[in-house]
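This briefing covers helix packing and ring contacts. The sequence and the model come first.

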Amino acid sequence: MLGRDGRERTGERVSGVVHAEGLVKTFGSVKALDGVDLDVPEGTVLGLLGPNGAGKTTAVQCLTTLLRPDAGTATVAGFDVVERPHDVRRVIGLSGQFAAVDEYLTGRENLEMVGRLYQLRAGPAKARAAELLEQFHLAGAADRTAKTYSGGMRRRLDLAAALVVKPPVMFMDEPTTGLDPTNRQELWDVIQDLVAGGTTMLLTTQYLEEADHLAHDICVIDHGRVIARGTSDELKAQIGGERVELVVHDPARMEEAAEVLSRVAVPEAGEDAVTREAHTRGLTVPVRGGAGLLVEVIRELDTRDIAIDDIGLRRPTLDDVFISLTGHVAEGDAVEGDGDDAGGNDAGGDAGAGEGGANGKEQTA
């Protein structure tokens, strides 16, 4: 079987550029990571998907040497993250959840400063800053202070800073959180260009569409454990079937329409197989039978004189996968006290400035 990257997928496991086995990290009584295994082949994107508090940020911080795991092993580009943290930092870039830029410096000054921290000479640092400002469509605002930038501009500047020395391995922790659709699409384009150029990437996200769009493989993580892994298509195939979705014209007739749908639901969906969204008047049910079954549903609704505004048949989405695996939706479902907060979400912007990270400090946790 071939993955989205065109590589043959077999039962034999080969360690990737980023590789972790049995990672454990505990904060007090909270086990933020509970035996996490990850593998990212060269030149691919692994999407680490899960709700707030699932342990995604803690995993990234362990892999980028910002936190020391309590148990397990991890390597990046062949370097052990505990035994050789300096070497790890030399080959990675990190864009954290929050833009790590100096608000009182201009965009150009921010990038030149990071270049000098990476021990580039003044000339090459200026040249690289100018190149990145053009690449990230920030040249027109290059000499404005970063505090005047929009949220999307700051995220682009933060990502540019992580790429000053063209690292072969990138970690991006929820890079598009809070961005509008236009800025999100622009960042997606940048990420795809990086991977096309050979960059290996681990990307954490709450957005199922983002994982579907960017990731070659996906790991679903919840409560510090990987609960599923595979390509997007493989994960969707796990729950099988199709979905009938419809919008009832009269909200007072929703329960009648739900009764019709419940009769065609797959048996394994249980007694209450119909999902209701009162604010949109929408109903969804897992089915098998294709277009013929859809016609049957339409006829039954028409017989009962239940007017509908929309109806359709679709394949499962990653939303369906996540709900099936965890019993709740992926976006915005916070778990209070998990390691994503305990570990410090704002711990890093760009890992690896020379020996000690972009802030010039030793970060060996």
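The structure holds zero aromatic pairs, a pair being rings of Phe, Tyr and Trp (its six-membered ring) with centres within 6.5 Å. This is a predicted model, in which local features need pLDDT of at least 70, side-chain atom pairs count only at pLDDT 80 or more, and totals for chains, interfaces and linings use all residues. Residues are numbered from 1 along each chain as its sequence is written, and side-chain values use heavy atoms, with hydrogens and water left out.

**Charge over a ring**
- Arginine 184 sits over the face of tyrosine 207, 4.1 Å from the ring centre; the criterion is NZ of Lys or CZ of Arg within 6 Å of the centre and within 35 degrees of the ring normal.

**Helices α5 and α6**
- The axes of α5 (residues 151-162) and α6 (residues 181-196) come within 10 Å and cross at roughly 15 degrees.
- α5 and α6 are therefore roughly parallel to each other (angles under 35 degrees count as such).
- Gly152, Arg155, Arg156 and Leu159 of α5 make the contact with Asn183, Glu186, Leu187 and Val190 of α6 (contact means heavy atoms within 4.5 Å).
- By class, this contact of α5 with α6 has three nonpolar, two polar and three charged residues.

**Helices α3 and α4**
- α3 (residues 107-117) packs against α4 (residues 122-135) at an angle of about 135 degrees, with the axes 8 Å apart.
- The contact of α3 with α4 has seven nonpolar, two polar and four charged residues.

Notes. Axes are lines fitted to C-alpha atoms, for helices over the stretch in contact, and angles run from 0 to 180 degrees between N-to-C directions. Helices (H or I, at least four residues) and strands (E, at least two) are DSSP runs, numbered from the N terminus. Angles under 35 degrees count as roughly parallel, over 145 as roughly antiparallel, 65 to 115 as roughly perpendicular and the rest as oblique. Ala, Val, Leu, Ile, Met, Phe, Trp, Tyr, Cys and Pro count as nonpolar, Asp, Glu, Lys and Arg as charged, and the others, Gly among them, as polar. Rings of Phe, Tyr and Trp (its six-membered ring) pair if their centres lie within 6.5 Å; planes under 30 degrees apart count as stacked, over 60 as edge-to-face and the rest as tilted.
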